[in-house]
Amino acid sequence: MRAIIMGSGRVGSRLAHLLYQQGYEVAVIDEQPNSFRRLDPTIDVLTVTGTAIDEDVLKEAGIEEADVFAAVTNRDNSNLMAAQIAKHRFNVGTVLVRIYDPVRGEIYQSIGLQTISPTTIIADIFFNEIIKQAQPASPAIAPTSQKETR
Amino acid sequence: MYIIVVGGGKIGYYLTKTLVNEGREVLLIEKDSKKVATYEERFGSVVVQGDGCEAATLEAAGAARADVLVAVTGDDEDNLVACQIAKAHYNVRRTICRVNNPKNERIIKDLGVDVTVDATNLMKDLIEQYIPERHMVHLLTMRHADLAIVEGRVTAGSPVLGKVISDVRFPARTVISAIVRQSQLLVASGSTRFEEGDEVIAISHREQEGELQTLFTGEQIVQI
């Protein structure tokens with residue numbers, strides 16, 4: 001399986017690591033070659049410098065044979081445009097887009113794009129944690145399970 | 001008619017100014033509050049500060065009753081998203097998108113934007129019209145039907161020279177619309193005879209442009 005990750009930030013480099021360990025062939029695209037420093041040097045990933053809204057850059061990263069495209073830069077609109085190129089032009093099966101603006105995420109979800117909003121997810125986690133700690137009836141569950149993931 | 005302009009750079013500024021002067025109802029959305037303040041001084045309250053890709057901004061701008069949204073920022077991805085949200089969420093009938101990188105024009109059209117404006121290609125086409133050796137000029141592409149308006153010049157070597165229109169085997173889906181002869185406009189009919197120097201305006205399917213070109217230039221066009 002081949003995965004292309006757009007954006008070599010903290011999320012992108014972490015995702016590259018996880019997918020590589022899962023046995024994926026991974027390519028990472030970033031406009032700033034400096035960002036590739038975040039990639040784990042022990043894993044073998046293809047790095048492509050350029051903007052992922054450019055079809056030639058996507059082809060260089062192997063979009064024509066890709067099974068997965070994940071757009072995780074911090075620019076919502078670039079993520080949206082690149083993801084739509086991956087989905088509609090190159091028919092990539094799994095296309096996921098990170099979007100900070102939850103409303104924009106919902107609108108694109110309604111027109112068939114799979115969007116993930118860290119804003120909503122993190123707010124929910126914080127909210128649930130606050131509510132749990134405010135209710136002394138069930139104190140033991142949350143803190144221990146959180147520690148194990150570290 | 002209510003028009004929303006996204007992006008207050010030079011194009012957005014002059015477009016808004018022109019529309020205001022024509023008495024149109026127009027609203028310009030610009031991110032930079034300094035620009036917004038300057039523009040407000042010049043045209044009054046037709047400028048709002050905000051991100052035209054954000055639903056909240058578009059909502060406040062009354063996008064739901066807008067007839068046209070024009071996105072003219074310097075970033076193609078921002079223009080695309082503003083147009084798509086206007087279309088998908090607010091049912092804006094006509095979305096017009098400025099294309100900065102000519103490579104993006106095709107995909108932006110394919111992703112549902114009604115009209116794309118690519119200054120680079122427009123200028124290239126205009127330059128080509130003035131290359132004297134060219135006997136066939138592409139004037140305009142009509143996007144919905146994949147049709148093009150082209151202009152052919154009849155020269156001494158043109159296969160059509162001296163023939164009447166009904167005798168020429170034009171490619172299918174081609175209409176000879178008009179002929180400009182010595183600066184006079186002639187409406188083409190089946191009995192019109194081609195003369196040297198005629199400028200022939202035709203509507204043709206884009207795939208047939210090459211075949212049509214051969215009829216005017218006599219050259220075989222190699223399809224790449």
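**Close-ups of a six-stranded sheet**

**View 1. The open sheet of chain A.** Six strands of chain A line up as an open sheet in the order 3-2-1-4-5-6, and the pairing is parallel. At the edges sit strand 3 (46–49) and strand 6 (114–116) of chain A, each pairing on one side only. From one strand to the next, the twist averages 20°. Strands here are DSSP E runs of at least two residues, helices are H or I runs of at least four, and both are numbered from the N terminus. Two strands pair if DSSP finds at least two bridges between them. This is a predicted model: local features need pLDDT of at least 70 and side-chain atom pairs need 80 or more, while totals for chains, interfaces and linings use all residues. Residues are numbered from 1 along each chain as its sequence is written, with chains lettered from A and ligands numbered from 1 in the order written.

**View 2. Strand 5 meets strand 6.** Strand 5 (residues 94–98) of chain A pairs with strand 6 of chain A in the parallel sense, over three bridges. Look for A:V97: its bridge partner in strand 6 of chain A is A:T115.

**View 3. Helix 1 across the strands.** Helix 1 (residues 10–21) of chain A lies across strand 1 (2–6), strand 2 (25–30), strand 4 (68–71) and strand 5 of chain A. Helix 1 runs at about 170° to strand 2 of chain A; angles go from 0 to 180 degrees between N-to-C directions, with axes fitted to C-alpha atoms (for helices, over the stretch in contact). Contact means C-beta atoms, placed from the backbone, within 7 Å.

Technical notes:
Contact = placed C-beta atoms within 7 Å.
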